[in-house]
Amino acid sequence: MDVLSQLVGSGVALGMIYAVIAFGYQLTFATSRTLNFGQGEALMLGALVGLSLVGHMSYWLILPLVLLFGAFQGIVVERLGVRPALKIKSEFGWIMSTIALGIIFKNLAENIWGHDQLSFPSPLPQHPFSFFGIRMLPMQVMVIGGALLIMLAVEIFNRRSIYGKAIVATSNDRDAAGLMGINTNLVITFSYALSSMTAAFAGVLVAPITLAGAEMGAVLGLKAFAVAIIGGLNSGIGAIVGGIMLGLAETLTAYYVSTGYKDVPGLVLLLIVLAIKPAGLFGKAAIKKV
Amino acid sequence: MHNTLKAMIAALAVCTTAAFAAEPIKIGVSGPFTGGSAPMGVSMRDGVRLAAEEINKAGGVLGRQIKLIERDDEAKNERGVQVSQELINREQVVATLGFINTGVSLAGQRFYEQAKIPVINNVATGSIVTQQFLPPQFPDNYIFRSSANDSIQAEMIAEEAVDKRGFKKVAILADSTNYGQLGRDDLVKALARRGLKAVAEEKFNIGDVDMTAQLLRAKEAGAQVILTYGIGPELAHIANGMATLGWKVPMVGSWTLSMSNFIDNAGKNGNGARMPQTFIEVPANTPKRKAFVAAYHKAYHVDRIPSPVSAAQGYDSMYLMAAAIKQAGSTDGVKIREALESLKAPIAGVIKTYSHPYTHANHEAINKADVVMGEVKDGRVVYAYPADEKKAPK
């Protein structure tokens, strides 16, 4: 029982790392039906920019700066990679361009910060504490809290503010929203800014646990993508549930089956979801009219 | 007029022959300069560069300068194959130094064997690296090594954990690459020689950030010590994961526990980890080692070599290859191999002075006697046993 609760604790903490990145995929998909395949790289850039700043000021002060940087980076991705594709109504152009931008960002980071994995100073004490027999680092709890917080903030923004309503309207029907006087292009740009902002935030959040480096985005970005698909691309709660499911699947399989097979159940889960409920566990099936 | 033309042609001919004679000797350098293995690749490359510069300053080899052709194999097997083909076919190198990752080495070096171009593996440690091309199938083996292979390392790890420190219940944590899995096999064999079987054998992937399950399995099996075969970042997650779980047992593992990205990222959780080392940066205990460390620090503006072992082995491999080319009196691959297998003059290296390091049957320059046990202590690797420090290398 002690082991099980520890595994569940670690699985949830790991799953929330995936969830907060997966959330970024959802934000852009909602408004523009496009995904930023450089999401992992946005996370990486956030973490590395944070790492450069952390020498000069406290961790809490760098958060707003990293968020600002993330928003800017998202705008760059949207302007360079996504808008040209949307303009010519290209179905797949944005896939290649966001992947390409992701590679460029990775190379850029390798030139600026080097190739090594760097340790990110933890803002919280490094001593683990015990919570109902689950031993955790304070930082892991902060990841869980931070992930929930940012999703909550985005949901409230979407539901309560007029700008958020513009996003929801664009997400429901871009053409109708445009006719109602909403500048849908701006909304899409904004959603990219928001998406990269959450990724950058996730970067500084997870870096004290995962280490920061140009390569950190690759594996995390891919797993988060699986989470976004499992949970559904248009459901915030789906990202959390999907993340936790994948995190638990990994740690539980690793312990009870074999550490060599730990990635298998997550992928099997992905295949099952795609076969039975292609829109994801919490996604609304989109009817594509032709 | 006629005579002037003749003179010009003659002068031109002299010029081209002179230029041909001074054409540099191309030596390939293949290693990962990016990714988790980069500290090893970059240190190895810088060690090779340092040696090549010294040799060139002293007049080069056969009156020609050495030119290094460096390529990043990214620690990827398929990329290693491309690099090998490029170095052999396009750059037409005389010999190659490098290969950090056992998998890349196994994938890439068959092309050198086919082209009869000698290779010194100066970091890759997989036991089968030098055993791929043996007689009778292959009459001559072009693959040499100047690092401590995994048979030596696994034996030393088992000796340290079982014989010296008396642990009976051991767990093995190895990554899923060729390096980790071949190393695990060697560890299993070394334990079997002592009548032991690991209580847990766990795997992890490159890029994994959570080791809870692996550690819990080892803990529940009652492991008293963890034996590792992996690279820096993931090893750091193991050390940090143990601290999170509040479970502290000693870590003994392959030499990669000396990588800067393990030491830095594990911080105090890495203290006490022990690993076999061919070279320890501080304290440098011979004049040759002192000079090497000082030269490295000065040339690359660091006060700590990212991977001292890789740098030292890279440096020595360049001198071994240069000595062989000199003895062969030619840049022909077959002749260089024959020279390597019968090196006459002793070669003063950083790790040791090599006298007859290779024979036709033995392509391993490093023996168990050349390797010491290192220990991580406050951000550096020191001698685990002070007696080793005083014992000067032969």
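**Figure 1. Contacts of Met321(B) in the predicted model.** Residues touched by Met321(B) include Ile27(B), Ala95(B), Leu97(B) and Ile120(B), with residues up to four places away in sequence left out of the count. The model shown in this and the following views is a predicted one.

**Figure 2. The largest nonpolar core, with 120 residues.** Met321(B) is among the residues with the most contacts inside this core, together with Val170(B), Ala171(B), Leu227(B) and Ala324(B). Helix α12 of chain B, residues 308-328, gives the most to the core, contributing 13 residues. Two domains of chain B, domain 1 (24-148 + 285-363) and domain 2 (151-277 + 374-390), each supply at least three residues to this core. In soluble globular proteins, nonpolar side chains tend to be buried together.

**Figure 3. Another nonpolar core, of 82 residues.**

**Figure 4. Pairing of strands β10 and β13 of chain B.** Strand β10 (residues 274-277) and strand β13 (residues 372-377) are antiparallel and are joined by four bridges. Opposite Gln277(B) stands Val372(B) of β13(B).

**Figure 5. The hairpin of β13(B) and β14(B).** Strand β14 of chain B covers residues 380-383 and runs antiparallel to β13(B), with four bridges between the two strands. Within this pairing, Glu375(B) stands opposite Val382(B) in β14(B). Two residues separate the strands of the hairpin, and Asp378(B) in the turn has a positive phi of about 45°.

Note on methods
Residues numbered from 1 in each chain as written. Chains lettered and ligands numbered in written order. Predicted model: local features only at pLDDT ≥ 70, side-chain atom pairs only at ≥ 80, totals over all residues. Core = buried A, V, L, I, M, F, W, Y, C linked by C-beta atoms within 7 Å. Buried ≥ 20, exposed ≤ 12 C-beta atoms within 10 Å, placed from the backbone. Domains from an automatic or database assignment. Contact = placed C-beta atoms within 7 Å. Pairing = 2+ DSSP bridges.
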